[in-house]
Amino acid sequence: MSAYDFEALEERRREFLNRIKDLALYMRFDEDRWERLRELVYNPMPLNVDVVIDDCTLREGLQMAGLLTPRPEEYLKIALMLREIGVERLEVMTYAKSDREAVKLMMDHGLGDVLAAWCRANRSDLDQAIKMDFKQVGISHPVSYIHSSKWPSLKLKDFVERVVDAVTYAVDHGLRVFVHGEDSTRADWEFEKLFIDAVAEAGAEVYRICDTVGCGLSDPLAPLPNGIPAKVRHIRRETKIPYIEIHAHDDLGNAVENTMATIRAASGLYDKVYVSTTFLGLGDRAGNAETEKVIMNCYLHYNIKKWNLKPLRELAVYIASSLGYHLPVNKAIVGDSVFAHESGIHLHGISMLPLTYEPFPPELVGQRRSIVIGKRSGKHGIKLKLEQVLGRRVSNDDPRLLNLIEMISYEFSARDRRYPMGEEEFKLFARRAGFGV
């Protein structure tokens, strides 16, 4: 490459860094400046579809093995916080007494319009939903030959007729109906197509593509049955159902990607697409697509700003405590260590420009940056931690800072210390160095 090319690129680099440094703030968060920075750095793409979050934490999520059953008031708080975030549909169960008590409490608090009862394809389940004054239901039924083995005596015609009967009964009682095609990504398309048209003619509004064991493929070139973009296109082109939904499991770790692939495939084909998710990815086996991950991907990369991001961390902590769930420290977006930095190399980058090692500001999702002082933190980490504790900048040549760096470096090197320094211990060292903390 010629010297001229390098000079031109160097000029572009300087201009770019100057622009983003003017917008980046280390010591405080400014939403307007962040939005300008986000558009400059990530260049979000437009989507021609409205993404509707259909959170099923209080149904699918609670089926996760080993969780505590929440009290009705805990159900309510989770539902209210999901609504505060902007979730537009909440799927719940009605089988246990605690479920029914929680539903009544949620309805008493004005959530009736967003609640949906999960039902099997039988009238008794629907009668329970009608009795409890639900306005919408999801009717779940297998569509794959593999899952049909649960009812070996039933013929395919019986499968269709029982679901059509349930849908017709629900619609006749004034309910909006979603039909969940269980194991859709392993279904024979010729049968599934017939199934979808039958429930559409009976009055179902939405067909849920259920990637029940997480074997779906996000590749736009992957064919049916497990090619999810292909499934979206075929449903649009060959069936009469008005809308689709994706319900992705994470058995292969692809639930969020398969959900995003559905959104991308639906763009331009539908005016809205429903995405069935659970907060923290709670659910059977490996769980489901995380509500918070789908929201953040839509926001960061596709400029969808319809959700309130601030409660994400608070809700994660509350769900973990109320359900007895161990929140992984490195859980994306909401985990304890997502904005924690200890390595000196990373801390140097953070000190120059937080965006270096943080894709978005922690305050955006209700988090805060944590500077951890350990053996590898070095002078940059110590200075950053001190500034965080003091709430102000400290000069590089402040003799007290140099003294603090020397004391802490000695603590880790001479004592061969392996564990990091706690908050109060750091403050003690800072006071010994002469800082008023």
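I began with helix α11 (residues 291-302), which lies across β1 (50-55) and β8 and runs at about 170° to β1. I note that the model is a predicted one.

I then traced the sheet. Eight strands close into a barrel, with parallel pairing, in the order β1-β2-β3-β4-β5-β6-β7-β8. From one strand to the next I recorded an average twist of 25°. On this sheet I found helix α8 (residues 189-201) packed, in touch with β4 (136-142), β5 (176-182) and β6. The direction of α8 makes about 145° with that of β6.

Next I looked up strand β7.

I turned to the neighbours of β7. Strand β6 (residues 206-211) pairs with β7 in the parallel sense over six bridges. Between β6 and β7 the chain passes through helix α9 (residues 228-238), and I noted this β-α-β crossover as right-handed. For Tyr 207, the bridge partner in β7 is Ile 244, and I found Cys 210 opposite His 247.

With strand β8 (residues 272-277), β7 pairs in the parallel sense over three bridges. Here I found His 247 opposite Ser 276 of β8. The chain goes from β7 to β8 by way of helix α10 (residues 255-266), in a β-α-β crossover that I recorded as right-handed.

Notes. Residues are numbered from 1 along each chain as its sequence is written. This is a predicted model: local features need pLDDT of at least 70, side-chain atom pairs count only at pLDDT 80 or more; totals for chains, interfaces and linings use all residues. Side-chain values use heavy atoms; hydrogens and water are left out. Two strands pair if DSSP finds at least two bridges between them. Helices (H or I, at least four residues) and strands (E, at least two) are DSSP runs, numbered from the N terminus. A crossover is right-handed if, with the strands pointing away from the viewer, the path from the first strand over the helix to the second runs clockwise. Axes are lines fitted to C-alpha atoms, for helices over the stretch in contact, and angles run from 0 to 180 degrees between N-to-C directions. Contact means heavy atoms within 4.5 Å.
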